[in-house]
Every structure is written in structure tokens, then in C-alpha cells.
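Dear colleague,

Please find below the structure that I am handing over to you, followed by an account of what was found in it. I would be grateful if you could read the two side by side.

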Amino acid sequence: MTLDSKLPSGPIETAWQRTKFDLKLVNPANKRKHTLIVVGSGLAGGSAAATLGELGYNVKCFCFQDSPRRAHSIAAQGGINAAKNYQNDGDSVYRLFYDTVKGGDFRAREGNVYRLAEISVSIIDQCVAQGVPFAREYGGALTNRSFGGAQVSRTFYARGQTGQQLLLGAYQALERQVQAGTVTMFPRTEMLDLIVIDGRARGIVARNLITGETSIHIADAVILGSGGYGNVYYLSTNAKGSNVTASWRAHKRGALFANPCYTQIHPTCIPVSGDYQSKLTLMSESLRNDGRIWVPLQKGDKRSPDQIPEAERDYYLERRYPSFGNLVPRDVASRNAKAVCDEGRGVGESGLGVYLDFTDAIKRLGKHVIQERYGNLFDMYQRITDEDPYKVPMRIYPAIHYTMGGLWVDYHLQSTIPGLFVVGEANFSDHGANRLGASALMQGLSDGYFVIPYTVGNYLASTKLAKVDASHPEAQAVLGSVRADVQKLLSIKGKRTVDSFHRELGKIMWDYCGMSRTAEGLKEAIAKIDVLREEFWTNVNVPGSGDDLNQSLEKAGRVADFFELGRLMCVDALERNESCGGHFREEYQTPDGEAQRDDEHYSYVAAWGYTGMGQSPELNKEPLEFDYVHPSQRSYK
């Protein structure tokens with residue numbers, strides 16, 4: 001398949017403005033004749049649904065939670081980037097663009113990234129107008145803090161609950177449209193398949209999670225804002241409900257899946273404490289502004305941290321990366337934490353942890369300042385660990401967090417299925433091989449508020465769509481397929497729980513396709529996944545029926561998709577014989593242990609096509625060109 005990115009030619013600084021002018025528009029009176037489906041109600045989906053409703057379209061918005069307020073965007077803590085340069089410290093749209101391309105290890109499209117940086121300044125104005133309570137200086141101006149991968153302060157925040165506050169802003173905008181009648185919400189409803197008619201996305205089949213009813217929903221275009229796939233690892237910082245089903249079912253209908261092996265390991269999570277855990281807890285990257293990361297110099301040193309003198313501590317990030325120190329990007333911080341723990345210098349009972357120490361900051365600034373900046377994060381840490389981080393250092397270790405891969409989209413955020421658009425973490429577009437902190441919220445709101453309303457309108461104005469309804473044979477065929485899959489899962493009546501399969505799959509993924517990968521390990525993982533998946537389809541036990549609330553059935557469908565996705569992730573990681581960002585192949589590293597890219601052979605987006613169950617996926621390549629930020633060895637030293 002030839003991939004047309006639709007990147008505009010000409011100067012990158014004016015590309016988006018020129019594109020917007022060239023896009024076709026839908027007459028205001030005609031907008032109410034169109035129905036659009038939005039799957040997901042987090043920052044990307046919620047802002048898209050609210051904005052499209054405000055424009056006058058008829059919008060159907062689906063979420064599997066009981067309220068859009070429970071979308072996983074609510075869990076984001078540290079902040080949202082924007083090139084406002086309020087700190088007068090040298091920031092600009094171009095610098096944010098540069099930092100993001102470099103932070104992604106030169107594996108993202110320049111055009112998409114520049115547009116993101118450009119739109120970032122409007123996002124803050126939008127959110128302030130909605131009443132989002134960003135932190136402010138004493139005089140009333142919005143304040144900023146630093147995040148990894150940048151030497152300026154560009155991150156706007158609301159203590160450690162920025163995602164929650166931004167989501168409430170989008171939620172208010174969404175509910176305004178619900179009241180106005182332009183948006184119809186479908187809570188506790190999960191998309192289980194995509195309806196494609198005459199080669200175009202025309203609707204979805206969804207299951208009501210309370211009644212079990214499966215139904216057809218027809219529209220003129222479908223917008224997926226269903227989040228990432230980090231829960232393929234079982235243990236992650238994602239909410240337990242987060243899954244890949246909406247994206248994966250669209251993939252099986254013809255949407256290419258791009259860069260699935262690019263997963264982000266967040267360096268600042270509370271370490272695993274036992275096999276009973278079902279998820280992990282993130283401690284915001286913003287803590288690295290004031291916390292210093294260290295481990296003992298000596299292997300096996302089990303003294304309490306207050307008994308280890310300064311001369312016997314290794315502040316390893318400050319030592320290795322003096323220019324950025326503790327604020328190196330996430331992939332760099334995570335790999336270094338793993339390295340010192342592999343050397344036997346990790347802390348805690350498991351040895352899989354490093355210290356994040358606020359002693360110096362409290363002495364310098366006072367406890368009250370640290371409380372103002374991070375109070376709720378410190379409270380959360382204490383409740384989970386029963387340790388007071390004001391008195392003893394936090395213990396942290398890397399964990400699966402964000403996924404840079406996702407459905408392939410062009411500059412208009414349209415997938416390879418015409419009429420299927422993908423926003424936020426569900427697409428692959430803006431972060432390359434590693435996402436800089438505080439850029440997820442930026443991308444979600446950029447896509448939803450400021451990009452998709454233009455590009456969907458252009459699609460509708462440029463496309464003649466035949467009238468279809470739920471009786472269409474293609475729609476009925478998809479409905480029948482979904483119902484058959486549900487019955488198949490219920491009929492197996494095996495001896496293992498869904499969670500037991502998911503946990504085992506997650507361990508395979510973490511061990512072989514986690515913080516580091518090898519060709520030998522990836523081949524072994526693919527073989528193990530194939531065996532486990534075969535057992536799943538013959539020995540899983542899904543109790544209950546499909547005619548009412550059945551959370552085991554929900555999880556079974558999602559885990560079935562994780563098996564297929566996990567295999568593709570390993571195939572993609574095996575194909576990419578280089579190290580870049582979140583994809584670290586041990587065979588390809590510099591003498592000092594940094595990622596070693598191969599720009600000659602791998603400067604492309606890997607977009608995989610589904611060819612059938614058990615068949616080898618088809619690799620399509622979108623070459624990446626760099627006219628502004630030229631690839632170089634990524635250094636934060």
C-alpha cells in the first residue's frame with residue numbers, strides 16, 4: 001500500500017494555516033444533516049465531540065465508563081506543554097518543535113510535530129477560558145515548570161492533577177452540547193467492530209455493557225479517541241479498563257497499525273510490591289524538578305537511605321547527563337534506572353527501585369513550597385506505601401505507561417480507511433519513538449479541539465456518501481460476526497481465568513519486549529504468545545452469559561485482542577534492527593550504552609497491514625524526511 005501522508009509542501013511555519021484555508025468547508029446549515037461517531041470521551045475524544053457538536057454536527061459519543069469524567073485522561077498528573085514563553089527563558093514554537101522531534105529520536109513526522117507545537121499556545125487560552133485552574137504566580141500570571149527533555153519551563157500544571165482539571169474542562173464543554181441536543185452520549189457502551197461500506201467507515205457495532213445488547217450505529221464518519229494499548233503488559237500505569245479493542249478491530253477491517261513496538265516506560269512509578277497487583281501507580285515526572293535520583297555506590301548496600309553518606313551515593317543521572325541531570329527524557333531515565341538495578345545497586349526489598357529524594361529541596365525551599373507543588377502526589381505515595389516522602393526518599397522504578405504506536409494516520413488524522421479518523425494516543429502521529437513528558441495532554445486537545453473539526457469537515461464536503469441504515473447487508477454481517485465472537489468466548493468453558501492468561505501474556509511482553517529487546521528474545525516471545533493464544537481459545541473460562549453485565553466477557557474480548565497485538569509488537573520490534581527511543585535493542589547501542597539508530601535503513605514509519613489470523617502481517621513503509629531538525633546522535637550530556 002502506498003502511504004500518502006498529505007503533508008503540505010512549502011514552509012513548515014505556514015503549513016497548517018495554508019492547509020486550513022485549502023480545506024473544504026461544510027455549510028453551517030448542512031452540518032446538522034451529518035452524523036458523526038466519536039469513540040472515547042477522554043481529552044481527545046471528549047474535546048472532539050464537544051467541538052463538533054458546537055459546530056452543529058449530530059454527534060454520537062461512546063464510552064465504556066459510566067461517565068466521561070472517568071476517562072483515563074483524568075489520571076494524568078504533571079502538566080501540559082505549550083510554547084507560551086511566559087518564563088522568558090528562550091522558549092518558542094520552534095524550540096518546542098525541535099525538542100519534540102529530538103525527544104522522539106527522529107522517528108516522527110516533522111509536519112505533524114510543528115503543527116502540534118503551533119497549536120499548543122491556543123490550547124492554554126482555550127482551557128483558561130473554560131476555567132481550568134492552572135497554577136499561578138503570586139501576581140496572578142500562569143506559572144510553568146520544567147519536564148524531561150527540555151531546558152526551558154513550558155509545562156502548565158494544576159498541582160499533580162492536571163489531567164483531571166483539563167478533562168473537567170472538556171467534560172463541561174461536552175455536557176453543554178449534550179444539553180443542546182447536538183451530542184448524544186452512550187455511556188457503558190463498548191465498540192466491538194467497525195462497519196465499512198463501499199470502502200468507507202460508516203459506523204460501528206457496540207455492546208451495551210449493562211444489558212449485553214449489541215447494536216448497529218451508522219454515521220458519515222467515525223472518530224476513534226480510544227487511548228493506548230499499554231495494558232497488553234498487564235501491569236501498567238493505565239486504568240484497568242484501558243484496552244486496544246476499538247483500534248484493533250478497526251485494524252482488522254483495513255486500518256494500518258503503525259510502530260506498535262514504540263511503548264514508553266515511565267521512570268517514575270511506585271515499584272511492584274507483589275504478585276497480587278493488577279496495576280501500577282505513576283508518580284508524576286514533575287517530581288524530578290525538585291527530587292534527586294540516586295542509588296548507593298556499593299552493590300548490595302541495604303542500609304536505610306539516611307545512613308548512607310553523600311560520598312557513598314551515586315546521583316547517576318546528574319553524573320552521566322550534566323546538562324539535563326534528573327530531567328533527561330523518560331526513555332533515557334528508565335534505561336539508566338534498569339542499568340543500576342541490574343548492577344545490583346537497586347534499593348528496596350526486591351532491588352528493583354531507585355531513590356527519588358527531596359531532602360535538598362525541602363532544605364532549600366521549605367516543606368510548604370513542596371506541599372504546594374506536589375502535595376497530592378506525596379499524599380498518594382504515603383497512602384500506597386505507608387512511607388512519608390517528606391521524611392524518607394520515594395522509591396521508584398520504571399513501568400509501562402504510554403504507547404507511541406497506534407493506527408496510522410495522515411496529516412488530516414485520517415487512517416487508511418477513508419472516513420475513519422484517529423485522535424490522541426490511539427494514533428501514532430506526533431511522538432516518534434519516545435514521548436516527552438506533558439505532551440500527551442497537548443496532543444489530545446490539539447487533535448480534538450483544533451485539528452479534527454477542520455479535517456472531518458473537509459472529508460464530508462469532498463465525499464458523496466450513499467444513504468445507508470442498519471439494515472445494510474454489510475452492517476448486518478458485522479453485527480453477526482460480533483455476536484458469533486461473543487458466543488464463541490462463552491462456549492469454551494475451559495479451566496483458566498481470563499486474568500491468568502492476561503498476566504502470563506503481560507510477563508512475556510515485559511520480559512522480552514519491555515525495557516530492552518533482543519532478536520533471540522523476540523523470536524522466543526512470538527513462539528510463546530502463539531502457544532498461549534492457542535490455549536486461550538481452548539481453555540479460557542468465561543462464566544455467565546452475554547445477556548447482561550458480564551465483566552469477565554468484557555475482559556476476554558480485550559485479552560483476545562491483546563494476544564494479536566502483542567505478537568505484532570514483537571514482530572515490529574524484531575524487524576527494526578536499531579535502537580531508538582522506547583525501542584532499545586541490546587545489539588544496537590553505543591559504547592556508553594545509549595540508543596544507536598540506523599537512519600540509513602530505518603528512518604521510516606512501519607505501518608502494518610492485517611492479512612488474516614495466523615498470517616504474517618504486511619509491512620508498509622512511510623519514509624521520514626527531515627528538512628528542519630536534522631537527525632544526529634541524541635545527547636543530553
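F257 stands opposite L407 in β16. This is a predicted model, in which local features need pLDDT of at least 70 and side-chain atom pairs count only at pLDDT 80 or more, while totals for chains, interfaces and linings use all residues. Residues are numbered from 1 along each chain as its sequence is written, and side-chain values use heavy atoms, with hydrogens and water left out.

Strands β10 and β16 pair in the antiparallel sense over two bridges; two strands count as paired if DSSP finds at least two bridges between them. Strands (E, at least two residues) and helices (H or I, at least four) are DSSP runs, numbered from the N terminus. The open sheet to which these strands belong has four strands in the order β16-β10-β18-β19, with antiparallel pairing. Its edge strands, each pairing on one side only, are β16 (406-407) and β19.

Strand β10 (residues 257-258) is also joined to β18 by two antiparallel bridges, and A258 stands opposite A607 in β18. Between β18 and β19 (residues 618-623) there are six bridges, again antiparallel; E622 in β19 is the bridge partner of V605.

Helix α16 (residues 551-575) lies across β10, β18 and β19, running at about 140° to β18. Axes are lines fitted to C-alpha atoms, for helices over the stretch in contact, and angles run from 0 to 180 degrees between N-to-C directions. Helix α7 (residues 245-252) packs with α16 at an angle of about 65°, their axes being 10 Å apart. The contact (heavy atoms within 4.5 Å) is made by T245, W248, R249, H251 and K252 of α7 and G557, R558, D561, E564, L565 and L568 of α16.

**The five-stranded sheet**

A further open sheet has five strands in the order β5-β2-β1-β9-β17, with parallel pairing. Its edge strands are β5 (183-186) and β17 (420-422), each of which pairs on one side only. Neighbouring strands of this sheet are turned by 20° against each other on average, direction ignored. Strand β2 (residues 58-62) runs parallel to β5 and is joined to β5 by four bridges; K60 stands opposite T184 in β5. Helix α12 (residues 440-462) lies across β1 (35-39), β9 (221-224) and β17, at about 170° to β17.

**Cysteines**

The structure holds zero disulfides, a disulfide being a pair of cysteine sulfur atoms within 2.5 Å. C261 is in no disulfide, and the nearest cysteine sulfur, that of C513, is 6.6 Å away. C261 is buried, with a relative accessible area of 0%, and C513 is buried with a relative accessible area of 0%.

Yours sincerely

Conventions:
Buried means under 20% relative accessible area, exposed over 50%, partly exposed in between (1.4 Å probe, protein chains only).
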